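Let us walk through this structure step by step. Please keep the sequence and the model side by side as you read.

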Amino acid sequence: MAKLNINGKTRDLKVEDDTPLLWVIREQVGLTGTKYGCGVAQCGACTVHIGGVAMRSCSVPVAAAAGKDIVTIEGLASADGKLHPVQAAWIAEDVPQCGYCQSGQIMAAAALLKDKPNPTDEDINGITNICRCGTYVRIRRAIHRAATNRT
C-alpha cells in the first residue's frame with residue numbers, strides 16, 4: 001500500500017513498493033500524459049516533478065515517491081485551467097511534431113525555469129530529454145519565450 005500525492009490529490013494505492021512510479025501514474029491513477037519511452041531513464045518521456053525536482057518516473061520506485069508532492073503534465077496548469085507559461089509557449093512556438101516526448105520535455109523545461117528563470121542556450125542544452133523528431137530549435141525558442149513570459 002502506498003500513499004501518493006499526485007497533482008494535489010492524495011491517493012491510497014495498493015501497489016508493491018518497487019513498482020515504477022510511471023506505471024502507477026498511468027495504470028492505477030489513469031493519467032496517461034506521462035509517457036513510456038525507454039524504461040531505463042534515458043529518453044525523458046516519463047519526466048514528472050517529485051518534490052519539485054524533474055525526475056524520470058520509469059526508474060523511481062513508488063516507495064521513493066511516497067510522501068512527496070508529485071506533479072504530472074496534467075497537473076502543471078493552474079487549478080483554474082490557466083496553462084503554465086511553458087505549456088503556452090509550446091503552443092505559441094508550435095513545438096510538437098509527433099508530440100510523444102512533449103510532456104516530458106515540458107516538465108523538464110518547467111523545472112529548469114524554476115531553478116534558472118533566465119536560462120542560457122547552454123542551460124537549455126543541459127536538458128537531456130530526447131526528441132526523436134528533432135524539434136530542439138523550437139524547444140529552445142519556447143523555453144526562452146516562457147522565461148520572458150512572451151506567451
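**A helix and its surroundings**

Q105 lies in helix α4. The model is a predicted one. Is Q105 buried or exposed? Q105 has a relative accessible area of 3%. Buried means under 20%, so Q105 counts as buried. Which residues does Q105 touch, leaving aside those up to four places away in sequence? They are W90, I127, N129, I130, C131 and I139.

Take β3 next, which covers residues 47–50. β3 and β4 run antiparallel, and four bridges join them. Two facing pairs can be picked out. T47 stands opposite R56 in β4. V48 stands opposite M55, also in β4. The two strands make a hairpin with two residues between them. In this hairpin, G51 takes a positive phi near 60°.

β3 also pairs with β5, a strand of residues 69–71. This pairing is antiparallel as well, over two bridges. Here H49 stands opposite V71 in β5.

Which way do the residues of β3 point? In a regular strand the side chains alternate between the two faces of the sheet. In β3, T47 and H49 point one way. V48 and I50 point the other way. All four are buried.

Move to helix α1, residues 21–28. Its buried residues are L21, L22, V24 and I25. An α-helix has 3.6 residues a turn, so residues three or four places apart point the same way. What covers the buried residues of α1? The cover includes the strands β1, β2, β3 and β5, together with α2 (62–65). After α1 comes G30, and its phi is positive, near 85°.

Empty space is the next topic. Rolling a probe the size of a water molecule over the atoms shows where such space is left. The largest pocket has a volume of about 180 Å³. It is lined by 13 residues, and those closest to its centre are A54, A108, A111, L112 and D115. Which element gives the most to this lining? It is α4, with five residues. β4 (53–56) and α4 (102–115) each supply at least two residues of the lining. By kind, the lining divides into six nonpolar, four polar and three charged residues.

K9 lies in strand β2, which spans residues 9–13. K9 has a relative accessible area of 52%. Exposed means over 50%, so K9 counts as exposed. K9 and N129 are 120 residues apart along the chain, and their C-alpha atoms are separated by 27 Å.

R132 sits in the loop between α5 (121–125) and α6 (136–147). Its relative accessible area is 67%, so R132 is exposed too. From R132 to C101 the distance is 8.1 Å, C-alpha to C-alpha. Along the sequence, R132 and C101 are 31 residues apart.

Key:
Residues numbered from 1 in each chain as written. Predicted model: local features only at pLDDT ≥ 70, side-chain atom pairs only at ≥ 80, totals over all residues. Heavy atoms only, no water. 1 Å grid on protein atoms, 1.4 Å probe; cavity = no way out; pocket = protein on both sides within 12 Å on 5 of 7 lines; lining within 4 Å. Points joined across faces, edges and corners; volume = space filled by probe spheres on them. Nonpolar A, V, L, I, M, F, W, Y, C, P; charged D, E, K, R; others polar. Buried < 20%, exposed > 50% of the residue type's maximum accessible area, 1.4 Å probe, protein only. Pairing = 2+ DSSP bridges. Contact = heavy atoms within 4.5 Å.
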